[in-house]
Amino acid sequence: MKNIFSLFLVAVLTIPAFSQPITSQYLESLRYSHDLNLPQWGPYTKNYIGVSHVPDVKKGIRFDLSVFPGIYRRRVDVPAVNYESGYHPWEASPNLEYFSFRHELEWKDQVYTDISYSVIDESSRLVRAEFVNNTDLEQSLALHYMASVHFPSIKEYAPNTPVYPGTIDLPQGAKWTDALDYTDLVYAKPRPTDNLVYDGKMRGEVRMNGFINGTAIGTGFGKDKGDWLNYNVSAERNYSDATIGLRYQLDKDAQLEISFSGLTNKKITLKGTGEISTVQVPVGKLNAGNYQLKLTSEGGSVILIDGFTLIESADVSKIKTSVVQWNYIPKIENGSVANSLILKYEQFDNYYGIYWNYPQTDLRQWFYNDLGDDFKHQVNEHVQKEFHNGSKDGHFTNVFFRPIKCDPKTTQVVYGMVCSGTKAEVEAKLLKANQTTDWEKYYTSARTFLAKNPVNPEGEKYVFSQKRMEAVVACNVVYPVYTQKQYIRHRAPGRWWDCLYTWDSGFIGIGLLTDDVRSAIENLNAYVNEPDEQSAFIHHGTPLPVQHYLFLELWNKTQSREMLTYFYPKLKRYYQFLAGGESSSTNKFNSDILSTWDYFYNSGGWDDYPPQKYMHDKAMDDKATPVVTTSHAIRIAKILCMAANELGLKDDEKLYDKDIARFATALQKYSWDAPSGYFSYVLYDENKKPNGKLLYQDKVNLDMGFDGLSPLVAGITTKEQTEKMVSHLKTPGEIWSEVGLSAVDQTAPYYSNSGYWNGTVWMPHQWFFWKTMLDLGEGEFAWKIAKTGLDVWKEETEASYNCMEHFVIESGRGAGWHEFGGLSTPVLSWFQTYFEPGTLTGGLNFWVRKKEFSADNSALVSEVKLFPDQAETCSAVACMNPDFHYHVFWNGKAVQQTEICKGTLMITLPAKAGIGKLEIKKIQ
């Protein structure tokens with residue numbers, strides 16, 4: 001039975017289609033932006049799960065309404081997002097019109113609360129808490145609304161450490177130029193990171209308290225003679241006696257001579273106090289117009305530059321600077337109707353309205369910056385209304401629902417509403433909320449946004465675990481993340497990583513693509529830059545170029561020429577940097593084998609992978625190269641070559657072919673280790689010339705694992721090498737285990753059962769090898785990899801409701817992060833490939849030029865271009881309507897196919913280069 005407490009009036013929505021067209025206009029709207037086209041309301045918190053609102057995406061400020069249940073007068077499990085805390089992402093639409101979380105009060109599903117957030121209109125959301133009591137006992141439960149505001153943090157992994165930016169107030173006619181608004185910054189000594197600045201920051205950028213906008217030029221600028229900055233300066237009026245006020249910081253007692261040229265030609269000696277200082281550089285009479293200003297260091301000291309003002313000298317004293325002091329405490333007013341309140345925070349214009357209609361509530365305030373142990377100790381206090389723990393940088397407005405009676409074997413539904421707008425708009429919404437009683441239909445309406453892909457009967461057993469993963473991927477969005485001088489909403493691997501993450505994000509996009517094309521496109525767009533931008537791509541963490549694989553998946557799904565044209569030049573630049581272009585140091589060894597050690601410690605994402613760990617432990621960054629970087633450079637060159645072929649860019653094809661040949665030759669010449677049947681790390685002498693292989697105790701290849709097998713993914717191995725390496729993958733007790741592919745060969749003397757990657761199974765590199773097996777005509781083994789991954793995922797997710805990071809070989813159980821929407825997304829790709837009708841999948845040499853399924857998925861007509869390596873056959877998988885049996889034709893001739901489950905066909909094609917027509921017809 002259901003007892004429903006009605007809370008508010010909602011507006012009828014027009015529900016858009018899930019997959020909107022990929023038009024040139026849409027793609028142009030993404031240019032130079034790294035944000036996501038998501039609603040202002042969403043699960044964007046970095047603190048406690050609930051619903052968040054972004055009042056102005058440019059400002060980096062977030063409003064949270066965390067909603068969580070408890071057992072009245074006993075226990076409240078605060079849904080902290082940075083450790084396991086008893087809640088699970090449960091359902092979510094791809095674009096977050098609807099999302100929900102299950103909060104377990106008595107495991108497993110004995111007593112729980114499903115709390116969902118549904119779109120009402122652009123500025124308001126329904127909060128629905130469904131209490132479920134599956135026990136034979138009566139339950140007294142509670143519910144908390146916790147409203148709070150959060151300001152931009154100074155760095156990642158520090159959500160409660162805000163940046164305190166400076167502000168500047170100028171007299172009329174004066175102009176401020178921020179230090180980051182340069183036209184160029186050049187270091188006298190070029191750096192590998194000149195065209196790949198970490199986290200998408202600008203060259204020289206640092207985040208600093210007290211500096212205007214919280215940013216400055218730093219990172220060693222000024223230390224070397226000849227470091228320089230250049231600015232365009234627009235004088236919008238005539239000045240009788242202009243001056244440039246340079247705002248900077250030097251260490252106490254340090255000095256630095258700066259030469260100014262262009263707008264003024266002066267040499268100034270700056271003196272350090274350890275604090276932010278300003279020096280006036282005379283300009284004199286200046287006519288309106290556009291000018292250049294160049295600042296050149298004479299060397300000797302590191303400087304932080306904030307920016308400069310162009311101002312009349314007589315007005316300098318009128319400049320006022322201050323530092324923002326964030327105010328977490330809102331003005332709290334009673335709303336326009338009973339059971340409502342209005343919150344107004346000082347530092348942005350929005351008002352927030354919260355409405356409820358449960359008869360027993362208290363309004364309380366917590367002057368805390370986190371809801372930790374002290375909160376849990378105090379939360380059941382039923383008299384006190386204000387709680388203080390000495391914090392000055394936090395506040396929570398608490399609506400406490402108590403008690404909520406839930407009879408045995410019953411369900412209670414409690415509704416609420418949160419909205420934002422001007423005060424008048426909020427008051428109007430609260431008034432409407434008091435005038436209706438039918439709320440459930442709006443919850444039902446919002447749930448129609450959930451993805452509803454068809455599933456074949458044999459895939460039904462995986463649906464529960466797949467839906468949990470869909471929810472995790474959709475809900476793992478955090479705000480704010482700072483990159484490219486902008487705050488963005490960003491899809492993170494998990495909320496612990498409230499930051500960018502390059503290779504994880506590529507896999508997130510591959511997961512998103514299974515439900516919503518635009519979501520995948522925007523995730524790809526977040527990590528690529530225009531050819532005229534400073535950094536070649538957006539880099540954080542392992543620079544494994546999964547974005548190119550996502551690009552191939554997007555093409556094969558959509559055949560959108562607009563998408564192909566939009567992303568190709570960006571991904572070409574990305575590749576060229578990894579191949580050694582621009583400021584890149586990846587090809588610094590005299591071998592044509594690449595390494596990315598100058599950018600990150602991790603080559604393949606595998607932190608404790610034995611040769612990588614050994615090399616770093618021995619400080620051998622300049623003496624060793626891995627295999628994986630070059631292997632993936634080759635593979636993405638092949639992907640781009642296919643795209644160039646489609647676009648008719650013959651010169652680009654030649655460029656890629658040349659690179660592929662020289663990189664492949666280098667790996668074969670220096671890296672192949674015949675005794676082990678793996679490729680190996682290559683060692684170098686003091687002249688960076690190859691000098692042998694990295695061995696374990698000078699006896700055994702230390703690279704018996706995923707890195708040593710990565711040339712398979714590149715498609716550059718000989719027939720003999722391929723047979724040996726595929727044997728390693730297939731052989732139980734070597735790479736193959738009962739739970740999938742081990743990152744390290746289990747027969748290796750350095751294999752461990754206690755590592756992070758060493759001794760565990762991860763999904764991402766399994767995805768690469770799965771794709772490669774399709775290229776090699778190893779369709780049966782590809783199916784074994786995918787099915788094992790799906791079974792392992794199913795077992796763990798059904799047992800724990802978690803979506804885990806990796807799996808321990810000894811036990812088969814999940815480990816690591818519990819809401820991992822990053823590298824675990826291949827399970828979504830595998831599920832769609834084998835169990836969702838209307839899906840055609842090939843390997844990495846498989847380029848779909850045209851594709852058309854019949855309305856009931858009982859027929860397929862497609863045009864495919866193959867770009868094979870050395871294999872004689874390749875495999876493809878088509879998921880069709882399970883109600884029929886099929887014939888498969890390639891260029892009009894019947895080809896071998898196996899029905900591996902009802903409706904799912906594993907097809908064997910001749911691996912000959914060129915375009916072919918693939919047809920599937922049902923048997924009449």
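Helices α5 and α16 are roughly perpendicular to each other (an angle of 65 to 115 degrees). This is a predicted model, in which local features need pLDDT of at least 70 and side-chain atom pairs pLDDT 80 or more, while totals for chains, interfaces and linings use all residues. Residues are numbered from 1 along each chain, and side-chain values use heavy atoms, without hydrogens or water.

Helix α5 covers residues 463-475 and helix α16 residues 779-800; helices (H or I, at least four residues) and strands (E, at least two) are DSSP runs numbered from the N terminus. On the α5 side, the contact (heavy atoms within 4.5 Å) involves Phe-464, Ser-465, Gln-466, Arg-468 and Met-469. These meet Leu-790, Trp-793, Lys-794, Thr-797 and Glu-798 of α16. The contact of α5 with α16 has four nonpolar, three polar and three charged residues.

## A four-stranded sheet

Four strands form an open sheet in the order β45-β48-β52-β51, with antiparallel pairing (at least two DSSP bridges per pair). β45 and β51 (897-901) are at the edges with a single partner strand each, so one side of each has no neighbour in the sheet. From one strand to the next, the twist averages 20°.

Seven bridges join β48 (residues 873-879) to β52 (residues 904-910) in the antiparallel sense. Ala-878 has Leu-905 in β52 as its bridge partner. Helix α15 lies across β45 and β48, and runs at about 115° to β48.

## The largest pocket

A pocket is an open set of points on a 1 Å grid where a 1.4 Å probe fits, with protein on both sides within 12 Å along at least five of seven lines; lining residues have an atom within 4 Å of a point. The largest pocket is lined by 32 residues. Lys-557, Gln-832, Gly-838, Thr-839 and Lys-851 lie nearest its centre.

Two or more lining residues come from each of α8 (546-558), α15 (764-775), α17 (826-835), β45 (839-841) and β46 (846-853). With four residues, α8 gives the most to the lining of the largest pocket.

## The second largest pocket

The lining of the second largest pocket has 25 residues. Nearest the centre of this pocket are Lys-58, Lys-59, Asn-213, Tyr-482 and Tyr-487. Strands β11 (166-169) and β32 (486-491) each supply at least two residues of this lining.

Technical notes. Axes fitted to C-alpha atoms, helices over the stretch in contact; angles between N-to-C directions. Parallel < 35°, antiparallel > 145°, perpendicular 65-115°, else oblique. Nonpolar A, V, L, I, M, F, W, Y, C, P; charged D, E, K, R; others polar.
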